[in-house]
Structure formats: C-alpha cells, structure tokens
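Reader: Could you take me carefully through one part of this structure, with attention to charged side-chain contacts and to how much of each residue is accessible?

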Amino acid sequence: EADAADARGIAAARAQALDAAREARGRAAAEVAEASALHSRALRDLLAADKARDHAMAALTLRMGICAEVVRRVPTLPEYARPFARSRAQSTVLQAEAAAMRAERILHTSSAVAAVAKERLRR
C-alpha cells in the first residue's frame, strides 16, 4: 500500500512537471511570436523611414536646383522683385533641409528600434 502511494505521488509529480514544461514552452513560443512581430513592424517602419528620407533628399536637391536657377536669374528681374526672389528661394531650401533632417532623425530612430527588436528576437 505504501508503494502504491509512492507510485501515485511520483506519477502526480511527473504530471505536474510535464504540465509546467508545456506551460513554459507555450510562454516561450508566445514571446518568440511577439518578438518576431515586433521585429517585422520595426523593419517595415525602417523601410518606410528610408523611403521618406530618400524623398526628402530628392526634394532638397530639386529645391536647391530651383534656388540656384532663381539666384542666376535675379539680375534679370525688376529691382523691386530681387530681394523677394532671393529670400523666397532661400526659405524654400531651408524648409527642404529641415524636412530632410527630420526624415534622417526618423530613420535613425527606426534603425535603433529595429536593432532592439532584432536583439530581443535573438534572445
């Protein structure tokens, strides 16, 4: 009778250990799935930020070209329009530079988030 009680105790302990192992595997799988989803979102955000930076840099290049053309043509403008044309062209370039800097900051932030997500997924 004591042997039967010991066998039942061992069986119960074994069943508890198996349940705990299944639970731990389930939690680990859920954590991996969450980290994988986070990494995927981070990569998607990184690609979007890279594309936005490329567009901002293209806009900056275009605006700088327009500014150079305006400045080149300033001598042909009437006297009253010259200061306005220069300041408007410079303002346009400054706005484009600010947009390019914002896009660059977003890209760096997205890159850092992607690196953290990758590290979390690696663990």
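Author: A residue is called buried when its relative accessible area is under 20%, exposed when that area is over 50%, and partly exposed in between. By that definition L43, with a relative accessible area of 37%, is partly exposed. The model discussed here is predicted, and the part I will follow is helix α1, which covers residues 2-73 and in which L43 lies. The C-alpha atom of L43 is separated by 5.9 Å from that of A114, although the two residues are 71 apart along the chain.

With that residue placed, the charged contacts can be taken in turn. A salt bridge is counted here when a side-chain nitrogen of Lys or Arg is within 4 Å of a carboxyl oxygen of Asp or Glu, and a search of the whole structure with this criterion finds 8 salt bridges.

One of them joins the side chains of R22 and D19, with an N to O distance of 2.8 Å. These two residues are 3 apart in helix α1, and therefore about one helical turn separates them.

Another salt bridge brings together the side chains of R27 and E23, at 3.3 Å from N to O. Both residues lie in helix α1, and their spacing of 4 residues amounts to about one turn of the helix. Here the two partners fall into separate classes: R27 has a relative accessible area of 47% and is partly exposed, whereas E23 has 52% and is exposed, because a residue is classed as exposed when its value is over 50%.

A further salt bridge links the side chains of R73 and E69, with 2.7 Å between N and O. R73 and E69 are 4 residues apart in helix α1, again a separation of about one helical turn. R73 counts as partly exposed at 47% relative accessibility, and E69 also counts as partly exposed, at 27%. Beyond these pairs, salt bridges that share partners join D50, R53, D54 and E104 into one network.

Terms used: Residues are numbered from 1 along each chain as its sequence is written. This is a predicted model: local features need pLDDT of at least 70, side-chain atom pairs count only at pLDDT 80 or more; totals for chains, interfaces and linings use all residues. Side-chain values use heavy atoms; hydrogens and water are left out. Buried means under 20% relative accessible area, exposed over 50%, partly exposed in between (1.4 Å probe, protein chains only).
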